[in-house]
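Hello,

Here is the structure I said I would pass on. My notes on it come after the model.

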Amino acid sequence: MLPTVTTAARILAVEEDPLLASELQAHLQQSGHRVTLCGSADGLLLAKRGNFDLILLTILGIDSLGVLQQLRRQSRVPVLLMSALDDEHNRIAGFSLGADDYLPKPFSIAELGVRVTAILRRVAYERQERPSPETDNELHFDETNSDVSLAGNQAGLTASEFRVLNLLAQHVNEVLSKPFLYQQALRRGYARHDRSLDMHISHIRRKLQAIGYRSSQLETVWGQGYMLVRPAL
């Protein structure tokens, strides 16, 4: 069972629209969270300096995605993107750069609150989980930082990539379907035009290869899904 979010979260909202920013702040503060508002120009600086539990980031263009990209180089804090540019290209770009969720504008404040609660609950759940047993001390799963390491070398996974790999590692040599991975790891429904999972898999392969992990292979099972294959000894 997922844990209930009971503690106040520290949330940074990067939003240029003063009316929407005010509504965001009022609603989230009513839910007990501490909210800091800023414009896009100060978003990266505050995100780096502050110790936030969640960042709400409005996409105004390529510069906003650049903020996300720079942030991901040093922080695993969950990021929920908000954008009026509701097209596949921007969704894929956002997820490929490490976003945890994507909310197209216009949206209701109630829906935003539900998304925020879901992300915070997910983070609380992942922090409570215990790492799965490791064979030969090869790949170490760090639930707190949502990353894996080999011999002290971190892969630098995003939170979404970590959830995908962690789920596959819990089902070694078992094919997991795309709908199942979308629901359980990406926490949203599967759509055939959505290529986010494919991009996550590609990035995971590259990052595992970069740290020298060879014991298992992340394979595509055409027409079925993905599986983490560990050869028999």
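The notes start with the conventions, then go through the sheets, the helices and some single residues.

This is a predicted model, in which local features need pLDDT of at least 70 and side-chain atom pairs count only at pLDDT 80 or more, while totals for chains, interfaces and linings use all residues. Residues are numbered from 1 along each chain as its sequence is written, and side-chain values use heavy atoms, with hydrogens and water left out.

Overall

The protein has eight helices and 11 strands; helices (H or I, at least four residues) and strands (E, at least two) are DSSP runs, numbered from the N terminus. Of its 233 residues, 49% are buried, where buried means under 20% relative accessible area, exposed means over 50%, and partly exposed lies in between (1.4 Å probe, protein chains only). Contact means heavy atoms within 4.5 Å. Among contacts between residues at least 6 apart in sequence, 56% join residues at least 24 apart.

Five strands form an open sheet with parallel pairing, in the order 2-1-3-4-5. Two strands pair if DSSP finds at least two bridges between them. Strand 2 (34-38) and strand 5 (101-104) are at the edges with a single partner strand each, so one side of each has no neighbour in the sheet. From one strand to the next, the twist averages 20 degrees; axes are lines fitted to C-alpha atoms, for helices over the stretch in contact, and angles run from 0 to 180 degrees between N-to-C directions. Four bridges pair strand 4 (residues 79-83) with strand 5 in the parallel sense, and serine 83 has proline 104 in strand 5 as its bridge partner. Helix 1 (residues 18-30) lies across strand 1 (10-14), strand 2, strand 3 (54-58) and strand 4, and runs at about 170 degrees to strand 2.

The peptide bond from lysine 105 to proline 106 is cis, with omega near 0 degrees.

A three-stranded open sheet has the order 9-11-10 and antiparallel pairing. Its edge strands are strand 9 (176-177) and strand 10 (217-221), each of which pairs on one side only. Strand 9 and strand 11 (residues 225-229) run antiparallel and are joined by two bridges; serine 177 has glycine 225 in strand 11 as its bridge partner. Helix 6 packs on this sheet, where it touches strand 9, strand 10 and strand 11, and its direction makes about 65 degrees with that of strand 11. Helix 8 (residues 196-210) also packs on the sheet, touching strand 10 and strand 11, at about 150 degrees to the direction of strand 10.

Helix 6

How many residues of helix 6 (residues 159-169) are buried? The count is 11 of its 11 residues. One of them is serine 160, with a relative accessible area of 2%. Leaving out residues up to four places away in sequence, serine 160 touches Ala99, Asp100, Leu186 and His200. Phenylalanine 162, also in helix 6, is buried with a relative accessible area of 1%. With the same exclusion of residues up to four places away, phenylalanine 162 touches Phe141, Asp142, Glu143, Ser146, Asp147, Val148 and Leu157.

Serine 146 is in the loop between strand 6 (140-142) and strand 7 (147-150). Its phi is near 50 degrees, a positive value in a residue other than glycine, and serine 146 is buried at 7% relative accessible area.

Helix 7 to helix 8

Arginine 187, in the loop between helix 7 (178-184) and helix 8, is not a glycine but has a positive phi of about 60 degrees. Arginine 187 is partly exposed, at 33% relative accessibility. The charged end of arginine 188 sits over the ring of phenylalanine 95, 4.1 Å from its centre; the criterion is NZ of Lys or CZ of Arg within 6 Å of the ring centre and within 35 degrees of the ring normal.

Regards
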